[in-house]
Amino acid sequence: MSESKIVLEAKGITKQFPGVLANDNVNFDLRKGEIHALLGENGAGKSTLMNLLYGLHNPDKGEISVGGKTATILSPKDSIALGIGMVHQHFMLIPVFTVAENVMLGDETVKNGSLDRATVAARITEISKQYGLDVDPNALVGPLPVGIQQRVEIVKTLYRNAEIVILDEPTAVLTPQEADDLFRIMRDLTARGVSIIFITHKLKEVLAIADRITVMRAGRVINTVIPSETDSAQLANMMVGRQVILTVDKKDHEAEEEILKVEGISVRDQRDLETVHNVSFTVRGGEVLGIAGVQGNGQTELSEALTGLRSPTTGKVTIDGKDLTGKSPRIITEAGLGHIPEDRQRHGLVLSYSVADNMALCDYYHAPFSSRGVIQPKALDENSRRLISAFDVRTPSPFVNAGKLSGGNQQKVIVARELSRNVKLVIANQPTRGLDVGSIEYIHGEIIKMRGRGVAVLLISAELDEIMALSDRIAVMYRGQIVAIVDAKKTTREQLGLWMAGAQVQAA
Amino acid sequence: MQSEKQSNSPIKKLLQSISDASLVPFLAILTAVVIGGIIIKLVGGDPFLAYKGLLQGAFGSKKALSETAVWATPYIFAGLAVALAFKGGLFNIGAEGQLAVGAVFSALIGYALPEWLGFDLPVYIHLPLAIFVGMLTGGIWAGIVGALKAYTGGHEVINTIMMNYIALNTTSFLLNGIMKDRSPTNVIARTPLIAESARMPEIFDGLRIHWGFVLALLVAFFIWWLLNKTTLGFEIRTVGLNPDAAQYAGINVKRTIILTMMLSGALAGLAGSIEVTGLNYRHELGFSIGYGYDAIAIALLGKSHPLGIVLAAFLFAAMRNGATRMQFLTQLPVDLISMIQALILLFVAADAIVRYIYRIKSKGERVVLTRGWGG
Ligand SMILES: Nc1ncnc2c1ncn2[C@@H]1O[C@H](COP(=O)(O)OP(=O)(O)OP(=O)(O)O)[C@@H](O)[C@H]1O
Ligand SMILES: [Mg+2]
């Protein structure tokens with residue numbers, strides 16, 4: 001691989017945002033047909049570097065060359081013309097358009113004055129076949145699962161003849177199955193000469209699939225290594241600049257009285273299909289109950305029903321003895337719930353509010369954040385400064401809009417807010433999605449501390465490792481039902497995997 | 001990588017944000033004025049004379065200033081009404097109707113209440129009551145649309161337009177019927193004059209500027225305070241920016257939508273009340289025509305910021321008021337003024353054009369079409 005030629009090179013790239021030097025004299029290159037992974041802690045400047053290559057931002061200093069020639073990339077139009085495609089951390093699809101319409105958007109094929117959908121659909125089918133990217137050109141994008149939406153994004157880049165594809169944290173929202181599919185697709189692409197830049201926080205993935213790995217920290221490139229000469233611990237060390245403990249140190253802890261009690265609830269989703277059937281379980285104070293399961297088996301609707309975002313159709317939910325079935329989020333919150341929602345940008349944050357405002361999003365209306373209906377900016381400010389330093393949120397100041405933070409730091413704003421409130425129960429849905437190893441270590445530590453203080457924790461996570469590391473008991477969810485609840489110490493990854501895939505539980 | 005040097009003095013920050021926010025509207029106005037000038041030239045007029053007339057008519061004398069303020073008063077109230085709804089994520093096209101409803105009921109209380117009661121009321125009861133009833137009825141009128149939105153999902157744009165038809169036709173019906181001024185010489189659809197006790201005192205002898213103008217400025221400040229400093233304002237803005245996050249945060253989204261519409265309608269109703277109690281001392285069909293629609297333009301131009309709205313209201317008021325003088329000096333039709341106003345709006349609404357002309361880079365965030373996750 002090392003003798004293949006360099007298709008893209010960035011030299012001395014510097015980018016300053018207000019209060020943040022996001023890229024500091026960065027050098028980076030990509031060879032033909034390789035998968036070059038980009039690692040780095042939250043806010044290290046990975047997305048920024050990619051946005052610069054793609055023309056969404058322009059560098060203050062530095063030079064980019066593509067195919068050996070110096071390139072001027074002022075907008076995505078330029079980068080697309082140079083054969084660069086990007087799949088963003090946020091997808092950029094229009095939900096009410098079909099796959100074909102989304103793919104041709106901005107590059108429409110016109111025949112006799114109207115859109116030539118047939119030709120486009122034919123090309124999409126051709127691309128799908130060629131790279132094993134199974135998509136239906138005539139499907140509406142909105143209802144498609146994220147894994148498929150992501151394929152649409154990839155098809156979109158290939159449709160524009162991209163030879164260089166940038167994938168910004170593509171696996172964070174995928175199920176392990178979907179991630180495996182993506183890796184297969186990535187290998188197919190590189191075998192056909194496409195070069196890929198791949199951003200992720202999952203060290204295992206990097207070691208498994210990358211040809212080279214570049215690590216960034218605080219806007220700088222720390223090093224470029226090859227997988228066979230490194231390991232998770234060393235990568236983590238390079239990213240964070242210190243030793244990271246990748247296992248959770250969890251002391252045995254006597255569970256206390258029941259805090260959350262769920263009795264036979266069923267929930268319907270917005271299409272009015274019942275996605276949670278007759279689910280019952282309890283979580284005690286000082287205990288972590290993990291809910292394992294492949295995404296899309298009812299976890300989202302279950303957590304919405306428990307937190308008041310959706311009403312269950314039948315059943316009963318009690319918190320600390322109070323019947324809270326179908327009550328509003330405010331009432332449930334006041335009964336002692338902290339909730340880390342699954343979709344951080346949809347529920348968890350108001351992106352155009354400051355970090356300080358977001359850190360009081362659920363508590364703005366009472367003391368100390370307000371008094372007699374008037375917001376107290378000083379209290380908001382103090383609270384946010386405390387949380388920013390405790391949770392190591394990388395932001396130039398508490399007044400910056402949350403939308404300006406890097407993805408992982410946005411997540412940290414929510415986690416900090418929810419774990420710092422005075423709660424009896426925490427429902428954490430994908431709490432560490434998109435976080436770097438250092439932050440995961442810290443947040444796992446915080447969850448374990450809360451458990452130690454007698455808080456009940458319901459952890460919903462697509463990461464089996466996370467479930468195994470934190471849980472005292474593990475419930476497996478499959479097709480809307482809890483198919484097993486077991487003691488975490490008495491089960492194995494393999495066993496859980498089988499249940500998650502729908503294997504029947506043996507009467508033990 | 002982190003730096004704490006960001007937070008400059010609050011005053012500097014305020015100035016910075018004002019100049020950031022007003023740059024595009026300012027350039028839009030400039031561009032419209034230039035294009036307007038070219039058009040005046042093309043139709044054979046003298047643009048400099050025309051604009052001189054406009055300025056004289058708007059600001060050239062005590063009387064001109066007073067008249068500009070008179071025009072600006074309902075614009076400020078109604079502009080605030082539309083802006084408040086905007087902040088709550090609602091598009092209130094119905095200020096026109098809410099304003100008419102407020103004016104009718106204020107007038108009714110103003111002329112009929114003493115008759116009903118059989119005795120005269122002191123001004124400190126009668127006047128506030130007349131204003132309050134105007135706000136209340138305007139608020140209810142808009143609140144109906146809010147409730148339809150919250151409970152049935154009916155879109156407020158369509159429903160406020162419908163409600164405008166109902167309001168304006170009902171007003172016409174009332175002013176031609178049971179509420180019509182019965183004095184023998186009257187042939188116009190208008191109410192009787194309101195009682196002295198329901199009128200605002202004059203500020204200056206001989207000038208029409210009234211206390212309603214001062215009230216408008218105070219209300220603008222109050223709305224700014226309400227939106228930015230109170231928990232209610234936080235709720236309104238959160239629902240406007242991200243209703244899902246608002247629900248998550250425990251805000252009652254339905255209630256907030258209704259309340260926002262009611263407050264918006266109350267402000268529009270206040271615009272109508274003040275015209276009645278401060279200026280005309282009655283309501284007449286046609287007195288308020290167009291304020292509610294101009295208000296949308298003013299809210300847009302003022303970027304929904306109360307200070308911006310006061311400024312935009314002044315601009316519109318000055319143009320309306322100065323137009324007569326301009327016409328007198330140049331014999332150009334007043335419609336030119338409407339055209340320049342329309343151009344300003346066009347450039348504000350399609351700010352991409354202005355940004356393109358003046359090569360301003362958009363500071364806005366990039367458009368995210370489907371909300372994925374992360375950042
Ligand atoms: N548009 C912007 N305006 C201001 N600051 C920004 C902007 N975009 C990014 N930043 C800042 O630049 C820094 C780098 O952000 P970037 O998104 O590149 O991080 P990242 O490495 O992708 O992190 P993550 O793993 O959390 O996604 C962060 O401190 C962020 O706050
Ligand atoms: Mg990123």
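**Helix 2 of chain B, residues 47–59, has 13 residues and spans 18 Å from its first C-alpha to its last, close to the 18 Å expected at 1.5 Å a residue.** The expected span is 1.5 Å times one less than the number of residues in the helix. Helices here are DSSP runs of H or I with at least four residues, strands are runs of E with at least two, and both are numbered from the N terminus. This is a predicted model, in which local features need a pLDDT of at least 70 and side-chain atom pairs count only at pLDDT 80 or more, while totals for chains, interfaces and linings use all residues. Residues are numbered from 1 along each chain as its sequence is written, chains are lettered from A and ligands numbered from 1 in the order in which they are written, and side-chain values use heavy atoms, leaving out hydrogens and water.

**Helix 2 of chain B has a buried side and a face turned away from it that carries exposed residues.** Pro47(B), Ala50(B), Tyr51(B), Gly53(B), Leu54(B), Gly57(B) and Ala58(B) are buried. Seen down the helix axis, the buried residues of helix 2 of chain B fall within an arc of 155°, so they line one face; the arc is taken over the directions from the axis to the C-beta atoms. Phe48(B) and Leu55(B) are the exposed residues on the face turned away from this buried side. Buried means under 20% relative accessible area, exposed means over 50%, and partly exposed is in between (1.4 Å probe, protein chains only). At the N-terminal end, Asp46(B) caps helix 2 of chain B, with a side-chain oxygen 2.9 Å from the backbone nitrogen of Phe48(B).

**Helix 13 of chain B covers residues 335–349.** With 15 residues, helix 13 of chain B reaches 21 Å from its first C-alpha to its last, close to the 21 Å expected at 1.5 Å a residue. Its buried residues are Leu336(B), Ile337(B), Ile340(B), Gln341(B), Leu343(B), Ile344(B), Leu345(B), Phe347(B) and Val348(B).

**Asn186(B) sits in the loop between helix 6 (156–176) and helix 7 (211–229) of chain B.** At 10% relative accessibility, Asn186(B) counts as buried. Its side chain reaches the backbone nitrogen of Ile188(B) at 2.8 Å. Setting aside neighbours within four places in sequence, Asn186(B) is in contact (heavy atoms within 4.5 Å) with Lys180(B) and Asp181(B).

**Ser288(B) lies in the loop between helix 10 (253–280) and helix 11 (291–301) of chain B.** Ser288(B) has 8% relative accessibility and so counts as buried. Apart from neighbours within four places in sequence, Ser288(B) is in contact with Glu96(B), Leu99(B) and His283(B). Ser288(B) and Glu96(B) are 192 residues apart in sequence, yet 7.8 Å apart in space, C-alpha to C-alpha.

**Val225(A) belongs to strand 12 (residues 220–225) of chain A.** At 14% relative accessibility, this valine, Val225(A), counts as buried. Not counting residues up to four places away in sequence, Val225(A) touches Arg212(A), Ile213(A), Thr230(A), Leu235(A) and Met238(A).

Most residues other than glycine have a negative phi, and most peptide bonds are trans. Asp320(A) is partly exposed at 34% relative accessibility, and Asp392(A) is partly exposed at 37%.

**Chain B includes stretches to read with care: residues 1–7 and residues 364–375.** Chain B averages a pLDDT of 88, with 93% of the residues at 70 or above; pLDDT is the predictor's confidence in each residue, from 0 to 100. Residues 1–7 of chain B stay under 50 in pLDDT, and the model gives them 20 contacts beyond four places in sequence. Residues 364–375 of chain B are also below 50, with 49 contacts beyond near neighbours in sequence. Where pLDDT is low, the predicted coordinates should not be read in detail. The model scores ipTM 0.87 and pTM 0.88.

Methods. A polar contact is a pair of N or O atoms within 3.5 Å; within protein, one must be able to donate a hydrogen and the other to accept it, and residues adjacent in sequence count only if both atoms are side-chain atoms.
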